[in-house]
Amino acid sequence: MPHSQTSAPRDGVLKGRLARGASPWLLPTVATAALSLTRARKSGRWAAVAVPTTALAAGMLWFFRDPEREITQGRVISPADGVVQSIMPWKDGRTRVAIFMSPLNVHVNRAPLAGTVTSVEHVPGGFVPAFNKESENNERVVWHFDTELGDIEMIQIAGAVARRIVPYIPQGTKVEQGERIGLIRFGSRVDIYLPEGVEVAVEVGQATTAGVTRIDRD
């Protein structure tokens, strides 16, 4: 899956856009809402259908928004909008920062550092809620970036609703810090592993914004 993706357009090419990869969900919903609104003028039955379908279409447009961001200067920035779920020292000296994304968050993920994508691996798995411990075995896409801090690992984890992860760029792509790299449809989780010696600047329960919140401390 990841290796068949084409390179994503750079930030700023499209303004006020919706997330790439949203169309399989968004287009049928918007089309149904438009049809029901058109027919509601002549039919009370269609008017009853138009209310929920229009609300659902509006919700989809909100879920798949992809706002422009002014990227923060710093060594490591958040790859995801959400809330820091856990901060865990790893056996190899790294520190894992897990960010939980609710269905109300922006679902587009961004590169935490500038560098080269050295690996994009799709790993099949389950679909338990992303806040559950068993989510460690969920469907995921594992990213590795060659950066000025060395190898940085980032994992996009699917949740109970988010059953499709859409990488935007393939292995070998050079990315800028804060560049859009992929989408997780609906709520889920993103983990980033900070190298040994890099101090974490966020805390559990803190809200993060992709491309804006700094994850490490000088």
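# Rings, charges and strands

Visitor: How many aromatic pairs does a search of the whole structure find?
Guide: This is a predicted model, where local features need pLDDT of at least 70, side-chain atom pairs count only at pLDDT 80 or more, and totals for chains, interfaces and linings use all residues. Residues are numbered from 1 along each chain as its sequence is written, and side-chain values use heavy atoms, leaving out hydrogens and water. Rings of Phe, Tyr and Trp (its six-membered ring) pair if their centres lie within 6.5 Å; planes under 30 degrees apart count as stacked, over 60 as edge-to-face and the rest as tilted. By that rule, the search finds two.

Visitor: Trp90 and Tyr193 form an aromatic pair; of what kind?
Guide: The centres are 5.4 Å apart. The planes stand at 75°, which makes the pair edge-to-face.

Visitor: How many residues apart in the chain are Trp90 and Tyr193?
Guide: Helices (H or I, at least four residues) and strands (E, at least two) are DSSP runs, numbered from the N terminus. Trp90 sits in the loop between S1 and strand S2 (95–101). Tyr193 belongs to strand S10. This pair links distant parts of the chain, with a separation of 103 residues.

Visitor: Why is the pair of Trp143 and Phe145 called stacked?
Guide: The ring centres are 5.9 Å apart. The pair counts as stacked because the angle between its planes is 5°.

Visitor: Are Trp143 and Phe145 buried or exposed?
Guide: Buried means under 20% relative accessible area, exposed over 50%, partly exposed in between (1.4 Å probe, protein chains only). For comparison, Tyr193 has 5% and counts as buried, while Trp90 has 32% and is partly exposed. Both Trp143 and Phe145 are buried.

Visitor: How many salt bridges does the structure hold?
Guide: A salt bridge is a side-chain nitrogen of Lys or Arg within 4 Å of a carboxyl oxygen of Asp or Glu. Counted this way, the structure's total is 11.

Visitor: Which residue meets Arg180 in a salt bridge?
Guide: The N to O distance is 2.7 Å. Arg180 is buried, at 1% relative accessible area.

Visitor: Asp216 forms a salt bridge with which residue?
Guide: The closest N and O atoms are 2.7 Å apart. Asp216 lies in strand S13 (residues 216–217), and its partner, 141 residues apart, is in the loop between H2 and S1. The partner is Arg75.

Visitor: How far apart are the closest N and O atoms in the salt bridge of Arg94 with Asp92?
Guide: Arg94 is buried, at 17% relative accessible area. Asp92 is partly exposed, at 42%. Their closest N and O atoms are separated by 2.8 Å.

Visitor: Which residues do salt bridges that share partners join into one network?
Guide: Asp216 and Arg75 form a salt bridge. Both belong to one network, whose members are Arg75, Arg214, Asp216 and Asp218.

Visitor: Which backbone oxygens lie by polar side-chain atoms of Gln177?
Guide: Gln177 is in the loop between S8 and S9. A polar contact is a pair of N or O atoms within 3.5 Å; within protein, one must be able to donate a hydrogen and the other to accept it, and residues adjacent in sequence count only if both atoms are side-chain atoms. One backbone oxygen lies at 2.8 Å, that of Gly74. Another lies at 3.0 Å, that of Pro112.

Visitor: Which residue in S10 is the bridge partner of Gln156?
Guide: Strand S6 (residues 150–158) and strand S10 (residues 188–194) run antiparallel, joined by six bridges. In S10, the bridge partner of Gln156 is Val190.

Visitor: How far apart in space are Met101 and Ala207?
Guide: Met101 lies in strand S2. Met101 is buried, at 0% relative accessible area. In sequence, Met101 and Ala207 are 106 residues apart. In space, C-alpha to C-alpha, the distance is 9.9 Å.

Technical notes: Two strands pair if DSSP finds at least two bridges between them.
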